[in-house]
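Please open the model in your viewer and keep the selection panel at hand.

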Amino acid sequence: MTDNSNDAPVAAGPEPAPGSRRSGRPALRPVAEQLARVLDTIGTIAPIELALLDAQGLLLAEEVHADAPLPGFDNAAMDGYAVRAVDLRQATEDHPVVLPVVGDVMAGARSMSGMGPGLCMRIMTGAAIPPGADAVIPLEDTDRGVARVAIHRPIRTGECVRRTGEDLPAGALALGQGAILGPQQIALLAAVGHDRVLVQPRPRVVVISTGSELVDVGRRAGFGEVSDSNSYMLAAAARDAGADAYRVGIIPDDHARLLDVLDSQLLRADVIITSGGVSMGTADIVKEALSQIGTVEFTTVAMQPGSPQGFGTLGHEKTPIFCLPGNPAAALVSFEVFARPAIRKLLGKRTVQRQTVEATALERMESPDGKRQYRRGLLHREPDGRYSVSLIGGHGSHLIAAMAASNCLVVLNEDVTEVSPGSRVTVQPLMLAQR
Ligand SMILES: Nc1nc2c(c(=O)[nH]1)N[C@H]1C(S)=C(S)[C@@H](COP(=O)(O)OP(=O)(O)OC[C@H]3O[C@@H](n4cnc5c(N)ncnc54)[C@H](O)[C@@H]3O)O[C@H]1N2
Ligand code: MOO
């Protein structure tokens, strides 16, 4: 559809006079301003109730209290004998106290008889302390007797006893609103008996590729045809960001088809992402079709790759739509810069941006003046713990193999035109996130 001629770093010249040949170039919007517009538009999704394991990685949208104490009853911390501490006062290594064993208490036993003075019961870890006992002597400190047991040391009251409510008293707050549900938090929810919880759901992200040259994977691309890699890449990126992704696939360059598909996808989408069709070509269908609706703004952002961008909302629910450029690296970079933070915000995350690191540039790097450049790079961790980074492939945003060999984006700010080897640069790692 469109060529890649403006992939090369563009040297900033003086502003062209109105009416000059270059005056057709759109004014560039700073990355930060576009991101602020995006994030201002992104609202919230109503919380939903999910089964515990489906809630993994999500934010709790309610307070959860313990209805009952945790642990729910005094129980043994060790396998041994339930005893009364007072009975063992005289016990020593050489002169053990010998007590009759009047029963066994197994973990899970629902009822039990009490235990009189001068007696003991065999008990398993986790089993309820029988009435009358106040400590558990571990097996190792006894002769492990069955009918009678010799105990070789004294014991403190409460030793090896896990007290009712010592983890959480009845009525206490187990988890607050906004807690992130990892395995530990899921354990606590299960422990206090919650099998379902109210959470901020994963945003449902619908991914659409546009372009009549595209063919779906599995069909061999003939001359002039291109395999649709963007919808797979963007669906994977959306999932990596924490969303549930729905890959709709390819829409050819046809206004009515595009608008129909968008309309039907609004039913299930919290976010729509398209790629392709946003530049200047005659078949740049997304821009043409959506500009007419008036709720999606097409703009040129001061970044490379990813300068042509559309963003706005669609439908009654004002569903956010990102219209990303078609070149694969441009699509991924603009996803990272704009769509990923939006998905993180919808998830309720406090930090929506990826962490960046400072790294030593291993080579000279160039960047167009006035644009923020995102180069694909390889980030290494040196033995001293510091990072260094080299570039992978050229700046061409059609280079998919180079993108696949990279593990980070090297961010060269608007005012940077050249970085000499050994200088520090900002790097945005593209590691897999936790969902
Ligand atoms: N005259 C101008 N031409 C172009 C400009 C410009 O400012 N003036 N900008 C260039 C830049 S920068 C980019 S990025 C692209 C954006 O183009 P579109 O969003 O309109 O994308 P297409 O033209 O549809 O495709 C561009 C390129 O990417 C390939 N592509 C598209 N979709 C996919 C997909 N799903 N999977 C794999 N590859 C895809 C497509 O085949 C093209 O090669 O515009 C420049 N042109
Ligand atoms: O420079 Mo374009 O935004 O190919 O990516």
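## Stop 1: Helix H4

Begin by selecting helix H4, residues 255-265, in which Leu258, Val261, Leu262 and Gln265 are buried. When the helix is viewed down its axis, these buried residues fall within an arc of 100°, so they line one face of H4. This structure is a predicted model, and the tour should be read with that in mind.

Then display the surroundings of the buried residues of H4. They pack against strand S13 (204-210), strand S16 (244-251), strand S17 (271-275), helix H5 (285-293), strand S20 (308-314) and strand S21 (319-324).

Asp254 caps the N-terminal end of H4, with a side-chain oxygen 3.1 Å from the backbone nitrogen of Ala256.

## Stop 2: Helix H5

Move to helix H5, which is among the elements that the buried residues of H4 pack against. Which residues of H5 are buried? They are Ile285, Val286, Ala289 and Leu290. These residues cover an arc of only 95° around the axis, which puts them on the same side of H5.

To see what covers the buried residues of H5, display S13, H4, S17, strand S18 (296-300), S20 and S21, all of which are included in that cover. Finally, select Gly294, which follows H5 and has a positive phi, near 90°.

## Stop 3

Select S20 and colour its residues by burial. Six of its seven residues are buried, and the strand is thus described as mostly covered.

S18 and S20 pair in the antiparallel sense over five bridges. Within this pairing, Glu297 has Phe311 in S20 as its bridge partner.

S20 and S21 form a hairpin with four residues between them, and Gly315 in the turn has a positive phi of about 75°.

## Stop 4: The nonpolar cores

The largest nonpolar core has 58 residues, of which Leu181, Val197, Ile273, Phe322, Phe335 and Phe338 touch the most other members. Helix H6 (residues 328-346) gives the most to this core, with 11 residues.

A second, separate core of 19 residues includes Val261, Leu262, Val278 and Val286.

Leaving aside neighbours within four places in sequence, Phe322 is in contact with Val38, Val271, Ile272, Ile273, Thr274, Gly310, Phe311, Phe338, Ala339 and Ala342.

## Stop 5: Lys345 in helix H6

Select Lys345, which is found in helix H6. Is Lys345 buried, partly exposed or exposed? Its relative accessible area is 32%, so Lys345 is classed as partly exposed, since that class lies between 20% and 50%.

The side chain of Lys345 reaches the backbone oxygen of Leu39 at 2.8 Å. Not counting residues up to four places away in sequence, Lys345 touches Leu39, Ile42 and Val352. For a sense of scale, select Ala27 as well: Lys345 and Ala27 are 318 residues apart in sequence and 28 Å apart in space, C-alpha to C-alpha.

## Stop 6: An open sheet

Select S1, S12 and S2. These three strands form an open sheet in the order S1-S12-S2, with antiparallel pairing. The edge strands are strand S1 (48-51) and strand S2 (59-60), each of which pairs on one side only. Four bridges join S1 to strand S12 (residues 196-200). One pair to display is Ala51 with Arg196, its bridge partner in S12.

## Stop 7: Arg372 and the cysteines

Select Arg372, which is placed in strand S24 (residues 372-381). The side chains of Arg372 and Asn413 are joined by a polar contact of 3.4 Å. Beyond neighbours within four places in sequence, the contacts of Arg372 include Val31, Ala302, Met303, Gln304, Val411 and Leu412.

To finish, select Cys323 and Cys408. Cys323 counts as buried because its relative accessibility is 0%, and Cys408 counts as buried at 0% as well. The structure holds zero disulfides.

Definitions and conventions. Residues numbered from 1 in each chain as written. Chains lettered and ligands numbered in written order. Predicted model: local features only at pLDDT ≥ 70, side-chain atom pairs only at ≥ 80, totals over all residues. Heavy atoms only, no water. Disulfide = S-S within 2.5 Å. Buried < 20%, exposed > 50% of the residue type's maximum accessible area, 1.4 Å probe, protein only. Helix = DSSP H or I, 4+ residues; strand = E, 2+ residues; numbered from the N terminus. Polar contact = N/O pair within 3.5 Å; in protein donor to acceptor, adjacent residues only side chain to side chain. Contact = heavy atoms within 4.5 Å. Arc of directions from axis to C-beta. Pairing = 2+ DSSP bridges. Core = buried A, V, L, I, M, F, W, Y, C linked by side-chain atoms within 4.5 Å.
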